[in-house]
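Student: Could we go through this model together, starting with single residues and then turning to the elements around them?

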Amino acid sequence: MQDSKLTDRLLSVIENDILPLTERGVDSGNKVFGAAILRKSDLSLVIAGTNDETTNPLWHGEVKTLNQFYELPSPPPTSELLFLSTHEPCTMCMSAITWAGFDNYYYFFSHEDSRDSFGIPHDLKIMKELYGLEPGGYRRSNAFFTAHSIVQMAEDTTGPTHEQLMKRIDAIRHRYALASDTYQSHKNATGIPLG
Ligand SMILES: [Zn+2]
């Protein structure tokens, strides 16, 4: 599979399937993080989800999506699936993805983006406090999974495709900045432990 085709599809899922859920979720006080699961074979969507920490602080976008996935009548084997996370997963979520048997995840925003652009430093803080890891210090490629940066995949393309993908990335960043403003404007009222 060409990387540009995969990159295009992952961006479409963020734009059309995850972001609309997240834009509603932040209105209810939830964080901006979302996720989706796709089939490797044809990149069709299995399920998309978004953060629901106002219900349960463990329901990060990834964990919530995994819960919904396992509630499907017959969820496909995870070896046949791709995991898309809008933000590089926290330690809980990367473990959940691992325990569920995925051999991959694809993320849009990095841990550093979560800290610097979203005012949410907890991923990096937990890695440092629990495991002594500096930013970028965990193994993105390991015996369980390979983590892929969608933005890096877009940056690696060339020609007109490159320009189109980078334009869409800018537009996605803009929509997330607006959603983040909504979240930050009322996060103190939500009671989420690590807001
Ligand atoms: Zn998480």
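Student: Where is the place of L43?
Tutor: Residues here are numbered from 1 along each chain as its sequence is written. The model is predicted, and local features need pLDDT of at least 70, side-chain atom pairs count only at pLDDT 80 or more, while totals for chains, interfaces and linings use all residues. Helices (H or I, at least four residues) and strands (E, at least two) are DSSP runs, numbered from the N terminus. In those terms, the place of L43 is in the loop between β1 and β2.

Student: Is L43 buried, partly exposed or exposed?
Tutor: A residue is buried if 20 or more other C-beta atoms, placed from the backbone, lie within 10 Å of its own, exposed if 12 or fewer, and partly exposed in between. L43 also has a positive phi of about 60° although it is not a glycine. Because 16 other C-beta atoms lie within 10 Å, L43 is partly exposed.

Student: And is D27 buried or exposed?
Tutor: The place of D27 is in helix α1, and its C-alpha lies 30 Å from that of H148, a residue 121 places away in sequence. Because D27 has 12 other C-beta atoms within 10 Å, it counts as exposed.

Student: Which residues does F83 touch, leaving aside those up to four places away in sequence?
Tutor: F83 sits in strand β3, and because it has 27 C-beta neighbours inside 10 Å, it counts as buried. Contact is taken to mean that the C-beta atoms of two residues, placed from the backbone, lie within 7 Å. With residues up to four places away in sequence set aside, F83 touches I37, I97, F102, N104 and Y105.

Student: How are α2 and α3 oriented to each other?
Tutor: Axes are lines fitted to C-alpha atoms, for helices over the stretch in contact, and angles run from 0 to 180 degrees between N-to-C directions; on that basis α2 and α3 pack at an angle of about 30°, with axes 8 Å apart. The contact brings E62, V63 and L66 in α2 against M92, C93, A96 and I97 in α3, and its residues divide into 6 nonpolar, no polar and 1 charged. Since angles under 35 degrees count as roughly parallel, over 145 as roughly antiparallel, 65 to 115 as roughly perpendicular and the rest as oblique, α2 and α3 are therefore roughly parallel.

Student: How many of the 10 residues of α2 are buried?
Tutor: The buried residues are G61, E62, V63, K64, T65, L66 and F69, and what covers them includes β1, β2 (45-50), β3 and α3. Helix α2 is largely enclosed by the rest of the structure, because the number of its residues that are buried is 7.

Student: How far apart are the end C-alpha atoms of α7?
Tutor: The buried residues of α7 are L165, I172, Y176, A179 and Y183, and their cover includes α1 (3-27), β4 (104-109) and α6 (150-155). The expected span of a helix is 1.5 Å times one less than its number of residues. For the 28 residues of α7 (residues 159-186) that span should be 40 Å, which agrees with the distance between the end C-alpha atoms, 42 Å.

Notes
Ala, Val, Leu, Ile, Met, Phe, Trp, Tyr, Cys and Pro count as nonpolar, Asp, Glu, Lys and Arg as charged, and the others, Gly among them, as polar.
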